[in-house]
Every structure is written in C-alpha cells, then in structure tokens.
Amino acid sequence: MYRYDEFDRDFVNQRVSQFEDQVRRRMSGELTEDEFKPLRLMNGLYLQLHAYMLRVAIPYGTLNANQMRKLAHIARTYDRGYGHFTTRQNVQFNWPKLSDTPQILHELADVEMHAIQTSGNCIRNVTSDQFAGAAADEFADPRVYAEILRQWSSLHPEFLFLPRKFKIAITGAEQDRAAVQVHDIGLQLTRNEDGEIGFVVFVGGGLGRTPMVGRKVRDFLPENDLLAYSEAILRVYNRYGRRDNKYKARIKILVHETGLEELKQDIEAEFEATKNGILDLPNEEVVRINEYFAPPSFEALPKISTELEAAKREDRDLALFSSRNLHAHKAEGYTSVTISLKPIGGAPGDATADQMDVIADVAQRFGHDELRVTHEQNLVLPHVKLQDVPTVYKILKANELADSNAGLITDMIACPGLDYCALANARSIPIAQEISKRFEEVKRQNEIGDLKLKISGCINACGHHHVGHIGILGVDRKGEELYQITLGGSADQNTSIGKIIGRGFPEAEITDAVETVVDTYLANRLDEEESFIDAYRRLGDQPFKEALYGS
Amino acid sequence: MKTITANRLVDGDVVWLGHNGEWVEFVEAAWVLGSDEDMASALDFAKAGEDKQYVLGTYAIDLELKDGHLQPKSLKERIRAQGPTTRLDLGKQAERHLRSA
C-alpha cells in the first residue's frame, strides 16, 4: 500500500491546521457562511438535511486495518455509530458537529487519511477496480497509476476551480469493474504490439441529468505520457468547458457540443505542447510507486483447498457464500472475498463501528492487512487464503456480514436519497429495503442470477441508475414520490445507458413493478445461462413494457 | 401557515424559529406565522440569527394540520422534522422519544 512521504504528511497536516483556523473564524463570525462554504466543501464537509456530512477520501478504495479502525473510532466518537460507504469508494459520516470536524481531520491525518477534494469543482478521488492487484484477469495493477494521478491532481493549482467536478477511473483488467466509461476520464490499461504498457483513453463519460458513455480518444497512450495527456485534457476542459450553466459544465457536454474530432485535435495540440517536459513520467518514479503496491509474499499453495472443499460439503451456507462472494485470485490457493454491505432489508453501504472493527481484525489476521471499498458499496478482502475462508466466513456471519448475495438482485446500489440528502427528490433506501425483502429467498435470488439494480433519489444519479440493468430514479411529482424504471443499462466494458420504460410508479407499487420485470425476464430467457442483461439486449423492451403496462 | 427553519451552525441540527425569536429543536414548538406582520418580524429574527452566527440557511416552510397535529407540508421538511424514515433511532423522532421517556 502507498505510504505517505514527508511531503504528503506536511501538506495534509497544513490543510488540517488551515481548516481548524477556518472553523474557528466561522464560529466567531469572522467568516460568513458564503465565505466559509467553499472552504468547508474543499475539505469534504457538506450540510445535509439533518446535520453536516463529512466525506472522507479512500484513494482508489484501498485502505488498511488501522485506517478502518480509525473510521470505526470516528463513527463511534463523533458520529452515530455507523458510516456509509459510497459509489465513489469513499466513506461518509452523516452526523458530525462542525466544532468536531478539525479534530476528526487530525485523527484521520494520523492514519494518512483526509477529506481533501472529496467535493468542489476539482479532480476527485480516482477510483479503480476493487480487485486491483489481486484479480486473476488483471495484467497490471491500476492502483500504481491511480496513485500517480492522485499525486498529480492533489492541490494542482491550475485545476482547483474547474467548470465542474472531474472524475477519473482506471482499470487494469479486461472485465471492467470500475465503470471507466461513465467517468470524465476513463483509463483502461493495455499493452501494444511490442508488449509496452499503456492506456485506452475515454473522455466525456458521465451520469447525472445528461448520461453519456465516454468517447475513445486514444487506443494506446504510452505509460510515459499519462500525466502530460491528462493535463492536456484538463487544460482543454478548463479553457472551453462551460461556466455559464452548472448543468452544462461537465466535460461530457463539451465533448457533445464541440464534437469528438475537434476536441481530440484540441487535446492533441495541447499534448504536443506539454509532452517531453516536466510531466513525463520518470521510469524510476513508476518503479518506486510500484514497490508500494508490490503484492504480499504469497505462499505456494495448492490451487484447490481441501479444507475449504470439505467445509463446504459440511455447510451449505458456506458453499453458497463461496459460490457468490469469492473472486478468482492471481495467486493459486488465494481468493478475494466480498463482504456484502447489503443485508436483507438493510441500508446499502452502511456499516456499524463494531462491524468496521471486526472487518479490520479479519483483514489483519487473514487478509495481509488490506481492504477495499467497491463502487457497488461493498467491502473486499483482496488477499485471503482459500483454506482460511471457512474461519473468515464464520467471523463475518457472527457479525451479520456474511450475506451471500454479491452480484445478485439484493446487492443493489442506492444513494442516501431524501432520508439524508439535501439534493434528493425522493427516498432511495426504503425502496432498496422493500425490494431486498421481496427477493429475500436465497433460491429465488440465485435462480435470477447476475442482476445489477441501481437506485437514485434524484437526477444527479449518485445511485448510478442509468447504468443499472434495472435502474430506478425517484422523482417528485406534485409532492409525491414517483419512481421511474430504466432497463438495459450497464457499466462494464459494454457500457450502455438504460432506457426509460414508461410512466413511473408510486412508492407502494415500485417493488411490484420490479418483480414484474424480473418475472418477465425469467419467463423469456433462453435458459439459465442467459443473464438479465443479455436477455434484455436480445428481447428489447417490448415484453417488459407489455408486462408492466399492458399492450 | 408558515414557519421559519434553519440549521444550527455549531452542529448542523435542524431548528425552527420560536415565538420570541429563539430557535427551538422541535417543529411543534415553532412559531406558526399567521399574518404578513408575523412573517416580517420572523424574517428579522431569522436574519439576526444568521448575523449572530447561531444558524445558517434560514427559509420559510409551509405547515399543515394532519390528524390534529401541526406538521411541515413537504416530505423533505417532514423528514427534517423527524429524522431518516429508515432509522427511527436517529434524528428528532429519537430525541423526542428519549425526552418523553
């Protein structure tokens, strides 16, 4: 894992001291709210419906046990005993006092964490594959480049006041688990014919009120040019991105309005002027950062663990857990374990302080001291010996963390919605809970198979509804919550934006409507192998429309 | 019927304007503004509350009578007045319960 050097430590500590002084001046009245608001947002502090909300950065979703314990401590000491893991691989605390935030930031700095650039019109936390450095299908660890991008983008003086926020995602595997094509910049690690490492570059993807799939601007960007090319994209965006209309300010609108070819030329021209200069990625720096992410020393283990296989025969629940929540690891005898934060009827992404402590202990004892946050609001132990899975499972189960639903319909994304969020128009969590309870039965969930259901409580789409196989968008219709269904979205390497299927449903009817969609899929699929999204792509929306609204 | 609401600066807690210009923690203690004069003096109190750095983001909301109880008209304001609908152990609904216990 990356460790702060002196420079990182100094700058984080400086920022905490600055913020401490800003809070003091705000409380004494030296700063008005108008003056203070941009300062607190720069430090991840929002004001939501019930209280302030502090969003803490978890760079590319990677953290260690000590950091997780600190999050548990903050939840317990300064908040209401829980935290909420987000689709940006961050964590949010929903109830901190303004007067406590400087102390919280001090405590975070002690474990090399902060809340810088988790808000505001700047480059946000770079997100990545939760199985980075572990997945069997990966050919290069994307966290190395995510970290390089983090260092380049942190307090970058030119890019702190962009037209709007800017999100970068990177993946190092064929299977895109980081939704790179719905980010402002999406990077897919690749190799050219000579075996050199580089990136496929997408620009202008995004969700929100104008969802767009990123456009490819480079088939192969050499590793060495990563920063110069990123700088060129940001410069073009900073210069031409719209500042007159908040809703048209993201780079996706610039791509759309300017046209891909012209924008590509602008980027390439800027790149020509920038490359071969200070931003050339020095090889020794790549090597140095690579060392931070060197895999733990894996033991030579058999591919199949007889211990795990025997335990699975004894315990059907463990067998089920293993079939859904384990992901193939690059080292034989190891696996990555998904810890679902989607218990039946729970709030997606929430974990109690006690659960965080347990997870930290498990990571330390069985997981090489590493944890990941997924953009689907779960946690991951990336490196676990197969033979340890029965014990890990037992501990997780005792702490209500062993739901065997990774990738199933109850493993859904939901934003905080109107229960917490000042921007929301409708509630998301109760809808997620109702659907979760409706599909509680294990057999039925598994019969349905892989299905990504995503719920947002407003058009800003924090719940990624546009790229849900089934998406739900909550809107306010004359004071009543109404839920629109979109179908056919996807955020993997075959990214697509879902289509609105028809008129929305009131709260009391939305779960039935989802069930109708699922039943229509089950009735029309070719066989058990055909997943929901494949069936939808073959069938189109007609059978679903008919089932929901009649012909 | 209207009243004025805000968040308290120090902790972000939801508050409403009381009858004497004080800020109260439960909506049922809020000053129900029945006339234009009431509204004018309430807005003065609200501005004073912001100027004194006690509250931020003051604004007027609509109230209605439901089953004999005064409550905010919009769902968003009802959630602010109660707490998350999915966590009855949090927010005003929980504090109210604790106080009456």
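Student: Two strands pair if DSSP finds at least two bridges between them. Which strands form a hairpin with five residues between them?

Tutor: S4(A) and S5(A) form that hairpin, and Gln89(A) in its turn has a positive phi of about 60°. Strands here are DSSP runs of E with at least two residues, helices are runs of H or I with at least four, and both are numbered from the N terminus. This is a predicted model, where local features need pLDDT of at least 70, side-chain atom pairs count only at pLDDT 80 or more, and totals for chains, interfaces and linings use all residues. Residues are numbered from 1 along each chain as its sequence is written, while chains are lettered from A and ligands numbered from 1 in the order in which they are written.

Student: How many bridges between S4(A) and S5(A)?

Tutor: Two, in the antiparallel sense. His84(A) has Gln92(A) in S5(A) as its bridge partner.

Student: What else does S4(A) join?

Tutor: Strand S13 (residues 350-352) of chain A, antiparallel, through three bridges. There, Gly83(A) is partnered with Ala351(A).

Student: What about S7(A), which way do its residues point?

Tutor: Ile168(A) and Ile170(A) point one way, Ala169(A) and Thr171(A) the other, and all are buried.

Student: Changing topic: what is the strand order in the open sheet of five strands?

Tutor: S3-S14-S15-S12-S11 in chain A, with antiparallel pairing. Strands S3 (62-63) and S11 (326-328) are at the edges with a single partner strand each, so one side of each has no neighbour in the sheet.

Student: And what packs on the sheet?

Tutor: Helix H12 (residues 353-366) of chain A, which touches S12, S14 (371-373) and S15 (379-385). Its direction makes about 25° with that of S15(A). Axes are lines fitted to C-alpha atoms, for helices over the stretch in contact, and angles run from 0 to 180 degrees between N-to-C directions.

Student: Is H6(A) enclosed or exposed, and why?

Tutor: Largely enclosed by the rest of the structure, because eleven of its 15 residues are buried. Leu226(A), Tyr229(A) and Ile233(A) are among them. The cover includes helix H5 (142-153), strand S10 (215-222) and helix H8 (260-274) of chain A.

Student: How does chain A look overall, how many helices and strands?

Tutor: Chain A comes to 18 helices and 21 strands. Its radius of gyration, taken over C-alpha atoms, is 23 Å, close to the 24 Å that the globule rule gives for 551 residues, so it is as compact as a globular protein of that length. That rule is 2.2 Å times the number of residues to the power 0.38.

Student: Last one: how many residues does the contact take from chain A and from chain B?

Tutor: It takes 22 from chain A and 20 from chain B, a contact being two residues whose C-beta atoms, placed from the backbone, lie within 7 Å. Helix H14 (residues 429-438) gives the most to chain A's side, with three residues.

How values were computed:
Buried ≥ 20, exposed ≤ 12 C-beta atoms within 10 Å, placed from the backbone.
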